Amino acid sequence: MIRKITELIEKNENRYLEELKEFVRIPSISADPKKSESMIKCAMWVKKQMDVMGMENTEIIETEGHPSVYGEWCRAEGKPTILIYGHYDVQPVDPVELWDSPPFEPTVKNGGLYGRGAVDDKGQILLHMKAVEAHLQAEGKLPINIKFLIEGEEEVGSENLVPLIKDNLEKLQSDLILISDSSMFAKGMPSICYGLRGISYFELRVRGTNGDLHSGSFGGAVINPANALARIITKLKDEKGRILIPGLYDDVLPLSDEERRVFADLPHDDEKYRKMLGAPELFGEEGYSTLERVWARPSLDVNGIISGYTGEGAKTVIPAKASAKISLRLVPNQTPERVEELFRKYIKEITPPSVEVEIESLHGGMPYISPIDNPIFDVVREALKNGFKADSVTIREGGSIPIVTDFKELLKSPVILIGFGLPDENAHAPNEWIDLENYQKGILSMAYLYEGLAER
Ligand code: BES
Ligand code: MN
Ligand code: MN
């Protein structure tokens, strides 16, 4: 039976690409209030895909923010039920001038499809929908019960998804939650991910005076908030990459020797990694390897700074205000609540008395880790082997999908993360793309997976 499906998937490769282009063409930037119509259009596009392929009880679920889309096919009596989660919203496109082709005009180049959302997460949602579609087209039915929940606010913190889940506990019940919104370790190495970092995101606003000042008339008499902010920022981390917020490491679960060995056995090459990033040298917390730093250690980064005159030429001014967006990535067993407490306390301590500082918490998300001895992993490995003709690796990731922990707690089913992105596909950056071979092999392996899960 799977033979017929694989043939069908091969035959439809071109259509799958055209449909992904259609999806990417919709500018569903959740952070941009001017895009709310595109968000609705995108949700409707997803629902229509589900309707056309024969999913049932499809609906657009309104929230306080952007809507989610639900659909199911639950006629495989006695078979397991899986819930596939993903997000149709995308990141903003700035700096737009650095794109080689316009972000919402999907362009095929060197075996990749370029466009905002191509890999994060539109390509990875659509590959599941196409795998489901292939089963329905070939057999008129699915080997298991499948539910889709596709949300529109992942990139802005999924705030309205928790109430949505709580309101729909019964509907979202499943034996397994499947998420494709992460990366493979490398091309040709399909990956199962068992850990994500959490996040705490803050905006810091520093105020010095009532208004901007002439830097000749007043320079020397008052503090400059931009300088003050820089001082605050330098006190957040030492030269060895260690975060200086007191107590921050208290809850950090240390890496076991076993896990360190598993990381070290992966074919990671620092020099290659450095070159891919174009960095003069790598930098991170002393005493840890790159994979350990990114997957299993907390990090702190300034995501943006604004202050003073940034136009052309010179303007002699002491800005009245300076602000920075600063985020931390968290690891088990840190919590965003505790980190926020420690962050606020420390910022108060290190802020010079000559400025006022205001801290706004923008969002938080729990870190996630799951046991790696789940027997379902073997079924996934088998499916990935069939699709990619390669053995898969087991990895953690540095990114965050805050809802994963809520899923586990509210729906009480195990979560499996199977990412089909590549580390160099520029998620969140200009020239985002998805490798089309991975997209196609992703469809194939997920078609195998649904089949494999039926036999469990
Ligand atoms: N798909 C990413 C998360 C991700 C990236 C997982 C790389 C594994 C590897 C997701 O869309 C994302 O960008 N999440 C945000 C969460 C934030 C907005 C709360 C993130 O990680 O910055
Ligand atoms: Mn994503
Ligand atoms: Mn993202």
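I take helices (H or I, at least four residues) and strands (E, at least two) as DSSP runs, numbered from the N terminus. The model I consulted is predicted.

**Entry 1: backbone**

I looked up Pro95 and found this residue in the loop between strand S3 (81–87) and strand S4 (107–109). The peptide bond that joins Asp94 to Pro95 is cis, its omega being near -5°. I noted a further cis bond from Asp120 to Asp121, with omega near 5°; Asp121 belongs to helix H4. Ser158, in the loop between strand S6 (145–151) and helix H5 (161–167), has a positive phi near 55° although the residue is not glycine. I recorded these sites because most residues other than glycine have a negative phi, and most peptide bonds are trans.

**Entry 2: helix pair**

I next examined helix H3 (residues 36–53) and helix H4 (residues 118–139), whose axes come within 9 Å and cross at roughly 20°. Angles under 35 degrees count as roughly parallel, and H3 and H4 are therefore roughly parallel to each other. Their crossing is left-handed.

**Entry 3: second largest pocket**

I found that the second largest pocket holds about 360 Å³ of space. Its lining comprises 20 residues, and those closest to the centre are Pro336, Glu337, Gly364, Gly365 and Asp406. I sorted the lining by class into seven nonpolar, eight polar and five charged residues. At least two lining residues come from each of strand S10 (198–207), helix H10 (336–350), strand S15 (356–365) and helix H12 (403–411). Where does the second largest pocket lie? Domain 1 (2–196 + 367–455) and domain 2 (198–252 + 298–365) both contribute to the lining, so I place the pocket between them.

Terms used
Residues are numbered from 1 along each chain as its sequence is written. Chains are lettered from A and ligands numbered from 1 in the order in which they are written. This is a predicted model: local features need pLDDT of at least 70, side-chain atom pairs count only at pLDDT 80 or more; totals for chains, interfaces and linings use all residues. Side-chain values use heavy atoms; hydrogens and water are left out. On a 1 Å grid over the protein atoms alone, a cavity is a set of points where a 1.4 Å probe fits but cannot get out, and a pocket is an open set with protein on both sides within 12 Å along at least five of seven lines; lining residues have an atom within 4 Å of a point. Grid points are joined across faces, edges and corners, and a volume is the space filled by probe spheres set on the points. Ala, Val, Leu, Ile, Met, Phe, Trp, Tyr, Cys and Pro count as nonpolar, Asp, Glu, Lys and Arg as charged, and the others, Gly among them, as polar. Domain bounds come from an automatic or database domain assignment. Axes are lines fitted to C-alpha atoms, for helices over the stretch in contact, and angles run from 0 to 180 degrees between N-to-C directions. Angles under 35 degrees count as roughly parallel, over 145 as roughly antiparallel, 65 to 115 as roughly perpendicular and the rest as oblique. A crossing is left-handed if the near helix is turned anticlockwise from the far one by less than a right angle, and right-handed if clockwise.
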